[in-house]
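Have the sequence and the 3D view open side by side as you read.

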Amino acid sequence: MAEPEPSNQEVSRTTLTIRCPDDFHHHCRDGAATVSVLKHAYTRFRRCLMMPNLQPPVTTTKLALEYKERILQALHKNGQDPSKFHPLMTLYLTDKTSPEEIVTASALKNDDGTPTIVGCKYYPAGATTNSDFGVTDVKNLYPVLEKMQEVGMMLCIHSEVTHADIFEREPVFIEEIMKPLVRDFPTLKITMEHISTKEAVEYVLSAPANVKASITCHHLIYNRNHMLVGGIRPHLYCLPILKAEIHRQALVEAATSGSPKFFLGTDSAPHATHTKESACGCAGVYSAHCCIEIYAGAFEEVGQLDRLEDFCSSFGADHYGLPRNTDTIVLEKKSWTVPKTYEFGEHTVTPLKAGEEVKWTIVEDNAGKRKRAD
């Protein structure tokens, strides 16, 4: 199935140097799998916002600090320099989260004065992987959201309801949850994560300045036909699910527009291959190994490579109140073939573009290496 034809607007470029990116939506998993995931995340990102939907979920400050320590230990096992990679921690909101927990979390600072726990994640109960402990009614969170608004902590939202058709869950969420929420908490910092529809793009553009959105690389290059036509492709199954072509086009236009309302969040979400290729496969796309390269290709196709840096490396940091990175990575217009599998703890993971060609290569990464790390 053909992907969108390249635009002839972009002047041919062979190398591209950008500020080191950050990923404001990353699933680093836990245990041995974390060691595997960090081999790719470390070389592409200076900071990653770590999702808290582990088993059990990261619901308290204590659990977040313990998870951060396990991530740092995994870096050590890989021989990676922790000064070059900073995990940004989040809390998993439940109906029982207290305002006091927000106060405790917000008080923690890193050595450079930046917050240790930068946000809280709102999963509607049952909406995605390991979300069974999520929020059953947003009104249950109102005392917590008031405290988050007061202390300036980010609310990260999986913006889908669970009662609507799977292709309509995001637009329904906007009408039923987002609009009342923004009205009731006018200064609360909000990220609509991994938006997937034209309606979400239009809403974010119309919303106040404190409401912004992240966009994945897979939602920029695939629509639902890529997943369903000619046979089901389980490694493209994700939540929010891929939508119709009109929505993909709207996401590309938003991401490449230069608007600070949109920024990088990969939602790289690895699952062992056997759990994807099953009668009831897990939702999630693993993209950490080639995400920056794919974003570069998507921007190039519409002639907007000059806007890649802000999307990948500036607008997200600005939204989270973090300093922009000062070091750089270098990409080269040089094709490479993605391996069919990668190590994933004791198992393997089938990555995005497995066995396929990617047109851009990172030739100088976050670790300062002059060779792409597989």
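Contact here means heavy atoms within 4.5 Å. This is a predicted model, in which local features need pLDDT of at least 70 and side-chain atom pairs count only at pLDDT 80 or more, while totals for chains, interfaces and linings use all residues. Residues are numbered from 1 along each chain as its sequence is written, and side-chain values use heavy atoms, with hydrogens and water left out.

1. Let's start with S268. Leaving aside residues up to four places away in sequence, S268 touches H25, H26, H27, V285, Y286, S287 and A288. S268 sits in the loop between β9 (262-264) and α10 (273-276); helices (H or I, at least four residues) and strands (E, at least two) are DSSP runs, numbered from the N terminus.

2. Is S268 buried or exposed? S268 is buried, at a relative accessible area of 0%, where buried means under 20% relative accessible area (1.4 Å probe, protein chains only).

3. Two backbone atoms face the side chain of S268. The backbone nitrogen of S287 is 3.1 Å from a polar atom of that side chain, and the backbone nitrogen of A288 also lies 3.1 Å from a polar atom of the S268 side chain.

4. Next, a helix pair. Helix α1 (residues 32-44) packs with helix α2 (residues 61-77) at an angle of about 75°, their axes 9 Å apart. Axes are lines fitted to C-alpha atoms, for helices over the stretch in contact, and angles run from 0 to 180 degrees between N-to-C directions. The two helices are therefore roughly perpendicular to each other, a label for angles of 65 to 115 degrees. On α1 the contact is made by T34, V35, L38 and Y42, and on α2 by I71, A74, L75 and K77.

5. Now look for the open sheet of three strands, ordered β1-β10-β15 with antiparallel pairing; two strands pair if DSSP finds at least two bridges between them. β1 (15-19) and β15 (361-364) stand at the edges with a single partner strand each, so one side of each has no neighbour in the sheet. From one strand to the next, the twist averages 35°.

6. Within that sheet, β1 and β10 (residues 328-332) pair over five bridges in the antiparallel sense, and T17 stands opposite V330 in β10. Helix α11 (residues 291-301) lies across β10 and β15, running at about 60° to β10.

7. Finally, visit helix α9 (residues 245-255), where the buried residues include H247, R248 and L251. The buried residues of α9 pack against several elements, among them α6 (198-206), β8 (211-215) and α11.

Methods
Buried < 20%, exposed > 50% of the residue type's maximum accessible area, 1.4 Å probe, protein only. Polar contact = N/O pair within 3.5 Å; in protein donor to acceptor, adjacent residues only side chain to side chain. Parallel < 35°, antiparallel > 145°, perpendicular 65-115°, else oblique.
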